[in-house]
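Trainee: Could you walk me through reading this fold, one feature at a time?

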Amino acid sequence: MTNLEIYQFNCRPDNFGLLVHDPEIGVTASIDTPDGDAINQALEEKGWTLSHILLTHHHYDHVDGNAALKKKWGAVIVGNEADAARLPEIDLTVKCGSPFQFGAHEVRFIDTPGHTIGHVAIHFAEQKLLFTGDALFSLGCGRLFEGSARQMLQSLNTLAALPDETVVYCGHEYTQSNAAFALSVDPENEQLRARANEIDQLRAKGLPTLPTTIGAEKATNPFLRAGDAGIRAVLGMADADDVAVFAEIRQRKDSF
Ligand SMILES: [Zn+2]
């Protein structure tokens with residue numbers, strides 16, 4: 001099995017465009033479509049032909065280019081069956097957990113409600129590659145627009161259970177502001193401090209802070225660390241359950 005090639009680029013003010021290319025079969029998928037023009041330009045730079053669009057959720061900054069890209073390329077738009085009514089121009093609906101093919105590769109949607117009810121992460125298990133949309137960010141997670149704290153925590157726990165070496169791409173470059181917040185609730189975490197410094201250096205050079213890995217996020221992302229004694233001490237919630245701690249962290253972030 002060949003390796004997949006990933007091309008990450010900037011779209012809109014802070015979205016990531018993401019193309020996944022299989023050089024052997026010649027198929028290319030866009031993960032969401034934040035900006036049709038930017039995605040076309042990226043395809044042109046790479047000399048790739050768009051065959052698939054794989055969607056994480058229905059928000060406009062993730063589906064805006066669906067119609068234009070489908071018209072130009074005839075790309076097949078694949079999304080979560082349970083949220084199909086909100087995914088523009090969808091062609092193929094897939095249940096969470098059911099495999100579908102991208103070229104020679106098997107892909108699955110992982111159900112990750114919270115940011116929206118129909119949100120999915122896109123998992124290439126064999127390549128240990130994960131696209132988390134607006135569910136999991138580096139050092140953060142998506143706002144709870146539709147789901148509960150309990151749902152989002154369960155979604156993030158599902159992702160955190162994947163192998164540590166899983167490479168994670170997400171929908172937005174929010175890492176630097178996420179780091180400032182993470183340090184406010186987890187100030188003694190040495191790995192987080194080191195990561196925050198690294199992020200500042202990357203952003204000073206205009207470089208992206210993604211991808212990350214599941215292992216790195218488990219060590220530094222406060223939304224994956226509701227059970228951590230140090231964070232609980234800062235919040236004064238030593239004996240609370242994980243959902244209450246997670247909800248408190250999310251609420252603090254909303255007003256940070
Ligand atoms: Zn969103």
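This is a predicted model: local features need pLDDT of at least 70, side-chain atom pairs count only at pLDDT 80 or more; totals for chains, interfaces and linings use all residues.

Trainee: How many bridges join strand 1 to strand 2?

Mentor: The general idea comes first: strands of a sheet pair through backbone hydrogen bonds, either parallel or antiparallel. Strands here are DSSP runs of E with at least two residues, helices are runs of H or I with at least four, and both are numbered from the N terminus. Two strands pair if DSSP finds at least two bridges between them. In this case strand 1 (residues 5–11) and strand 2 (residues 15–22) run antiparallel and are joined by 7 bridges. Their hairpin has 3 residues between the strands, and there R12 takes a positive phi near 50°.

Trainee: In which sense do strand 2 and strand 3 pair?

Mentor: Antiparallel, over 4 bridges. L19 stands opposite S30 in strand 3. This hairpin has 4 residues between its strands, with G26 at a positive phi near 85°. Moving on, strand 3 and strand 4 (residues 52–54) run parallel and share 3 bridges, with A29 opposite H52.

Trainee: What is the order of the strands in that open sheet of 6?

Mentor: The order is 1-2-3-4-5-6, and the pairing is mixed. Strand 1 and strand 6 (92–94) are the edge strands, each pairing on one side only. From one strand to the next, the twist averages 25°. Strand 5 (residues 76–80) pairs with strand 6 in the parallel sense over 3 bridges, and V78 stands opposite L92. Helix 1 (residues 36–46) packs on the sheet and touches strand 1, strand 2 and strand 3 (27–31). The direction of helix 1 makes about 40° with that of strand 2.

Trainee: Why does G118 count as buried?

Mentor: G118 counts as buried because it has 25 C-beta neighbours inside 10 Å. G118 sits in the loop between strand 8 (105–111) and strand 9. Contact means that two C-beta atoms, placed from the backbone, lie within 7 Å. Setting aside residues up to four places away in sequence, G118 touches H57, H58, N80, A82, D83 and R86.

Trainee: Where is the place of N80?

Mentor: N80 is in strand 5. N80 is buried because 27 other C-beta atoms lie within 10 Å. Beyond its neighbours within four places in sequence, N80 is in contact with V94, C96, F109, G118 and V120.

Trainee: At what angle do helix 4 and helix 9 pack?

Mentor: Two packed helices are described by the angle between their axes and the distance between the axes. Axes are lines fitted to C-alpha atoms, for helices over the stretch in contact, and angles run from 0 to 180 degrees between N-to-C directions. Here the angle is about 100°, and the axes of helix 4 and helix 9 (residues 242–254) are 9 Å apart. Helix 4 and helix 9 are therefore roughly perpendicular, a label for 65 to 115 degrees; under 35 counts as roughly parallel, over 145 as roughly antiparallel and the rest as oblique. In this packing, A149, R150 and L153 of helix 4 meet D242, V243, F246, A247 and R250 of helix 9.

Trainee: How many residues of domain 1 are in contact with domain 2?

Mentor: Domain bounds come from an automatic or database domain assignment. That assignment gives domain 1 (5–96 + 104–169) and domain 2 (175–254). 24 residues of domain 1 contact 25 residues of domain 2. Helix 4 gives the largest share of the domain 1 side, 6 residues.

Terms used
Residues are numbered from 1 along each chain as its sequence is written. A residue is buried if 20 or more other C-beta atoms lie within 10 Å of its own, exposed if 12 or fewer, and partly exposed in between; C-beta atoms are placed from the backbone.
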